[in-house]
Amino acid sequence: MHGLLELMKINNKPFGDSVRKLFCVGDLVEWKLYKSDGRTGEINPVIMTGIIVEIYSTKMASRYVWFAKIFEAKTAEFYQMSLMTLTLIKD
């Protein structure tokens, strides 16, 4: 039991904290959105791109998680994505 308590003390940082420093507001990012084909039932990844407009943490299941609010230009929609699912697009 003592080992579990030690592990709990180590994991008090928000999920995604290890990648938080890689992202800034204004960064161009991509991620995969998985869509199901209604006819075949196949699940296919669609690569999405957008610009980070906000970075925030929110509590989920007793732990904070880093998220980004992203504006996706093709659909003009906003997406809320975990930083762990994003890839930074660099020049």
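**View 1. Two charges sit over aromatic rings.** The charged end of Arg 20 sits over the ring of Trp 66, 5.2 Å from the ring centre. A charge sits over a ring if NZ of Lys or CZ of Arg is within 6 Å of the ring centre and within 35 degrees of the ring normal. Lys 69 also has its charged end over a ring, that of Phe 78, at 4.8 Å from the centre. The model is predicted, so local features need pLDDT of at least 70 and side-chain atom pairs pLDDT 80 or more, while totals for chains, interfaces and linings use all residues. Residues are numbered from 1 along each chain as its sequence is written, and side-chain values use heavy atoms, without hydrogens and water.

View 2. The chain holds two helices and five strands. Helices (H or I, at least four residues) and strands (E, at least two) are DSSP runs, numbered from the N terminus. Along the sequence, the pattern reads α-α-β-β-β-β-β. Strands of a sheet pair through backbone hydrogen bonds, either parallel or antiparallel. Here, two strands count as paired if DSSP finds at least two bridges between them.

**View 3. Strand S1 pairs with S2 and with S5.** S1 covers residues 28-36 and runs antiparallel to S2, with nine bridges between them. What is the bridge partner of Trp 31 in S2? Met 48 is that partner. Glu 30 stands opposite Thr 49 in S2. Glu 30 also stands opposite Thr 87 in S5. S5 covers residues 87-88, and two bridges join S5 to S1, again antiparallel. The hairpin of S1 and S2 has six residues between the strands. There, Gly 41 takes a positive phi near 80°.

**View 4. The hairpin of S3 and S4 has four residues between its strands.** Six bridges hold the antiparallel pairing of S3 and S4, and S4 spans residues 77-82. One partner pair is Ala 68 and Met 81, the latter in S4. Ala 76 lies in the loop between S3 and S4. Its phi is positive, about 55°, although Ala 76 is not a glycine.

**View 5. Ser 62 has a positive phi in a loop.** Ser 62 lies in the loop between S2 and S3. Its phi is about 70°, although Ser 62 is not a glycine. Is Ser 62 buried or exposed? Ser 62 counts as exposed, because its relative accessibility is 68%. Buried means under 20% relative accessible area, exposed over 50%, and partly exposed in between (1.4 Å probe, protein chains only). Of the 91 residues of the chain, 23% count as buried.

View 6. A pair of aromatic rings is described by the distance of the centres and the angle of the planes. Rings of Phe, Tyr and Trp (its six-membered ring) pair if their centres lie within 6.5 Å; planes under 30 degrees apart count as stacked, over 60 as edge-to-face and the rest as tilted. Tyr 56 lies in strand S2 and Phe 67 in strand S3 (residues 63-72), so the pair ties together parts that are 11 residues apart in sequence. Tyr 56 counts as partly exposed because its relative accessibility is 22%. Phe 67, at 13%, counts as buried. Another pair is tilted: Phe 71 and Phe 78 stand 5.3 Å apart, centre to centre, with 55° between the planes. Phe 71 is partly exposed, with a relative accessible area of 29%. Phe 78 is partly exposed too, at 46%.

**View 7. Five residues make a nonpolar surface patch.** Leu 28, Ile 51, Val 53, Phe 78 and Ile 89 make up this patch of about 390 Å². Patches take residues with over 30% relative accessible area and no salt bridge, joining like charges within 9 Å and nonpolar side chains (Val, Leu, Ile, Met, Phe, Trp, Tyr) within 5 Å. A salt bridge puts a side-chain nitrogen of Lys or Arg within 4 Å of a carboxyl oxygen of Asp or Glu. Accessible areas come from the Shrake-Rupley method with a 1.4 Å probe; for residues, only the protein chains shown count as cover. Val 53 lies in strand S2, residues 43-60. At 38% relative accessibility, Val 53 counts as partly exposed.
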